[in-house]
Amino acid sequence: SFNRKDELRVTLTKIYEQDYKNIEVIVVDNASSDGTREMVKSEFPSVILIELEKNIGIAGWNKGFEIAKGEYVLVLDDDSYPEKDAINAGIETISKDEKIGIVAFEIYNTKFHFSETMNYPKNPLSFTGCGALINKNLLKEINFFNPAFFIYLHEIDFSFRTYNSGWQVIYDKNSKIIHNQSLNSRGNSQENPFASKYRFHFYFVNMSLFLFLYFDFESFLYNYFRWILNRLIITFRYLYFKEFFVGIYSSIIKIFLNINARKVGKKDIQNFYNRGKVFPIFDRDFFPFGKK
């Protein structure tokens, strides 16, 4: 959680209304300054609160993973919460096969009134980070979320490593998360969050890193330049010229800083991910073509 006190209050209230009661609730606070910590302590004293000294992005979840006692871990954003029967439904799915590592929940966005996971197949390439159930044994085997991804696309990195280790990702449309999407704390709150400069930048950098880390060199080069074209088209449409050049520079620096972390995936997993061609030239979030 980061500076979303009111949204977090709603999420915690909804969690305790779940049909499934055998839970521990952990909140990792990424150095909020809006009274989030005080609210949690006073209104939800049974919550385990981890207070970080600075905002470390998605790596904050790792602090929760380290102490979680459950057999499964449900990850949520501070502005998302499960429907009453969602945890029961998710556990029913994940317990069907010991090699199911992640259950991707359906994510319904109440701000924009659409399902963020409407196009997910049974075995998706990724999951949406504001609602997924993860097997604790998977976390022990492949480690936690990659801290090199400050925000966005850490899910596809984690999913690739999941498949590469012989585990499965399953989409369960019967396990539903409500994403009461907040525009606070991420970039300009007046921007469309799906087409914001903030999202444009982190997608630019993190997708570049993802391609470098896991794909053979030929696939990386082809898709990296294809990805630059993707970003360039958005640049001319939204006039993100400064962000485009900053993105190129930042992606090169990010790759250089993680050069020793490169671990090319198995051939069949690279093929499953279409050898890195996972985004169309025209990004549907920036060019919705009628999508609301």
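Colleague: How do the residues of the lining of the largest cavity divide: how many are nonpolar, polar or charged?

Modeller: Bearing in mind that this is a predicted model, the lining of the largest cavity divides into five nonpolar, three polar and two charged residues.

Colleague: Which residues is the largest cavity lined by?

Modeller: The lining consists of Met-207, Leu-211, Asn-223, Arg-226, Trp-227, Asn-230, Gly-276, Lys-277, Val-278 and Phe-279.

Colleague: How much space lies in the largest cavity, and how many cavities of 30 Å³ or more does a search of the whole structure find?

Modeller: The largest cavity holds about 60 Å³ of space, and a search of the whole structure finds one cavity of 30 Å³ or more.

Colleague: Staying with α8, at what angle do α8 and α9 pack?

Modeller: Helices α8 and α9 pack at an angle of about 160°, and their axes are 9 Å apart. The two helices are therefore roughly antiparallel to each other, and their crossing is right-handed.

Colleague: Which residues make the contact?

Modeller: From α8 the contact uses Phe-220, Tyr-224, Ile-228, Arg-231, Leu-232, Thr-235 and Phe-236, while α9 brings Phe-241, Phe-244, Ile-248, Ser-251, Ile-252 and Ile-255. By class, the contact of α8 with α9 has 10 nonpolar, two polar and one charged residues.

Colleague: How do the axes of α7 and α9 come together, and at what angle do they cross?

Modeller: The axes of helix α7, residues 197–214, and helix α9, residues 241–257, come within 9 Å of each other and cross at roughly 35°. The crossing in which α7 passes α9 is right-handed.

Colleague: Which residues make that contact?

Modeller: On the α7 side there are Lys-197, Phe-200, His-201, Phe-204, Val-205, Ser-208, Leu-209 and Phe-212, and on the α9 side Glu-243, Phe-244, Val-246, Gly-247, Ile-248, Ser-250, Ser-251, Lys-254 and Ile-255. Sorted by class, the residues of the contact of α7 with α9 divide into nine nonpolar, five polar and three charged.

Colleague: Changing topic, what volume does the second largest pocket have, and which residues line the second largest pocket?

Modeller: The second largest pocket has a volume of about 220 Å³, and its lining is made up of Ile-142, Asn-146, Asp-157, Phe-160, Arg-161, Asn-164, Ser-165, Leu-213, Tyr-214, Ala-261 and Lys-263. The elements giving two or more residues to that lining are α6, which covers 154–164, and α7, and α6 gives the most, with four residues.

Colleague: And by class, how do the residues of that lining divide?

Modeller: The lining of the second largest pocket divides into five nonpolar, three polar and three charged residues.

Terms used:
Residues numbered from 1 in each chain as written. Predicted model: local features only at pLDDT ≥ 70, side-chain atom pairs only at ≥ 80, totals over all residues. Heavy atoms only, no water. Axes fitted to C-alpha atoms, helices over the stretch in contact; angles between N-to-C directions. Left-handed = near helix turned anticlockwise from the far one by under 90°. Contact = heavy atoms within 4.5 Å. Nonpolar A, V, L, I, M, F, W, Y, C, P; charged D, E, K, R; others polar. 1 Å grid on protein atoms, 1.4 Å probe; cavity = no way out; pocket = protein on both sides within 12 Å on 5 of 7 lines; lining within 4 Å. Points joined across faces, edges and corners; volume = space filled by probe spheres on them. Parallel < 35°, antiparallel > 145°, perpendicular 65-115°, else oblique.
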